[in-house]
Amino acid sequence: MRNYLQNNPTAFDPDEVGILAGALDDAWEIVKASGAHLDGNAQAVRDALAKHIVEEAQRGELNERKLRDGALAHFARMNLPAGPHSEK
């Protein structure tokens, strides 16, 4: 999250950055535990989660759970290529 914010500067105080980072870390752990086939897209997915969280925070949402859940919903809508173990 801190890397994303360095590349996309915005005005969040340190406590808010902690909330955003916590939401991203939690969302990322859930994505990894889900068994999703990221197949070389892991960094792109993590970046997309971070971007979504920052955009929601810029709109005023600073509830860590809501940020995490929104990022996970965004992930569910992402159109990732099917992995080798995906059903066709």
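Visitor: Is the crossing of α2 and α3 right-handed or left-handed?

Guide: A crossing is left-handed if the near helix is turned anticlockwise from the far one by less than a right angle, and right-handed if clockwise. The crossing of α2 and α3 is right-handed. Please note that this is a predicted model, in which local features need pLDDT of at least 70 and side-chain atom pairs count only at pLDDT 80 or more, while totals for chains, interfaces and linings use all residues. Residues are numbered from 1 along each chain as its sequence is written, and side-chain values use heavy atoms, with hydrogens and water left out.

Visitor: How many helices and strands does the secondary structure of the protein have?

Guide: Helices (H or I, at least four residues) and strands (E, at least two) are DSSP runs, numbered from the N terminus. The protein has four helices and zero strands, and its pattern along the sequence is α-α-α-α.

Visitor: At what angle do α2 and α3 pack?

Guide: Two packed helices are described by the angle between their axes and the distance between the axes. Axes are lines fitted to C-alpha atoms, for helices over the stretch in contact, and angles run from 0 to 180 degrees between N-to-C directions. Helix α2 (residues 14–33) and α3 pack at an angle of about 140°, and their axes are 10 Å apart. That makes α2 oblique to α3; angles under 35 degrees count as roughly parallel, over 145 as roughly antiparallel, 65 to 115 as roughly perpendicular and the rest as oblique.

Visitor: Which residues make the contact of α2 and α3?

Guide: Contact means heavy atoms within 4.5 Å. From α2 the contact uses L20, A23, L24, D25, A27, W28 and V31, and from α3 it uses A42, V45, R46, L49, A50, I53, V54 and A57. By class, this contact of α2 with α3 has 13 nonpolar, no polar and two charged residues. Here Ala, Val, Leu, Ile, Met, Phe, Trp, Tyr, Cys and Pro count as nonpolar, Asp, Glu, Lys and Arg as charged, and the others, Gly among them, as polar.

Visitor: Is A50 buried or exposed?

Guide: Buried means under 20% relative accessible area, exposed over 50%, and partly exposed in between (1.4 Å probe, protein chains only). A50 lies in helix α3 and is buried, with a relative accessible area of 3%. A50 and A23 are 27 residues apart in sequence, and their C-alpha atoms are 8.8 Å apart in space. D25, in helix α2, is partly exposed at a relative accessible area of 39%. The C-alpha atoms of D25 and L49, which are 24 residues apart along the chain, are separated by 9.7 Å.

Visitor: How do the axes of α3 and α4 cross?

Guide: The axes of helix α3 (residues 42–58) and helix α4 (residues 64–77) come within 9 Å and cross at roughly 130°. That makes α3 oblique to α4, and the crossing is right-handed. On the α3 side are V45, A48, L49, H52, I53, E56 and A57, which meet L67, G70, A71, H74, F75 and R77 in α4. By class, the contact of α3 with α4 has eight nonpolar, three polar and two charged residues.

Visitor: Which residues is H52 in contact with, leaving aside its neighbours within four places in sequence?

Guide: H52 is in contact with G70, A71, H74 and R77 when those neighbours are left aside. H52 is found in helix α3 and is buried, with a relative accessible area of 13%.

Visitor: How do the axes of α2 and α4 cross?

Guide: The axes of α2 and α4 come within 8 Å and cross at roughly 45°. That makes α2 oblique to α4, and their crossing is right-handed. The contact is made by I19, L20, G22, A23, D26, A27, I30 and V31 of α2 together with E64, L67, R68, A71, L72 and F75 of α4. By class, the contact of α2 with α4 has 10 nonpolar, one polar and three charged residues.

Visitor: What is the phi of D39?

Guide: Most residues other than glycine have a negative phi. D39 has a positive phi of about 30° although it is not a glycine. D39 is found in the loop between α2 and α3 and counts as partly exposed, at 47% relative accessibility.

Visitor: What share of the residues in the protein is buried?

Guide: Buried residues make up 32% of the 88 residues in the protein.
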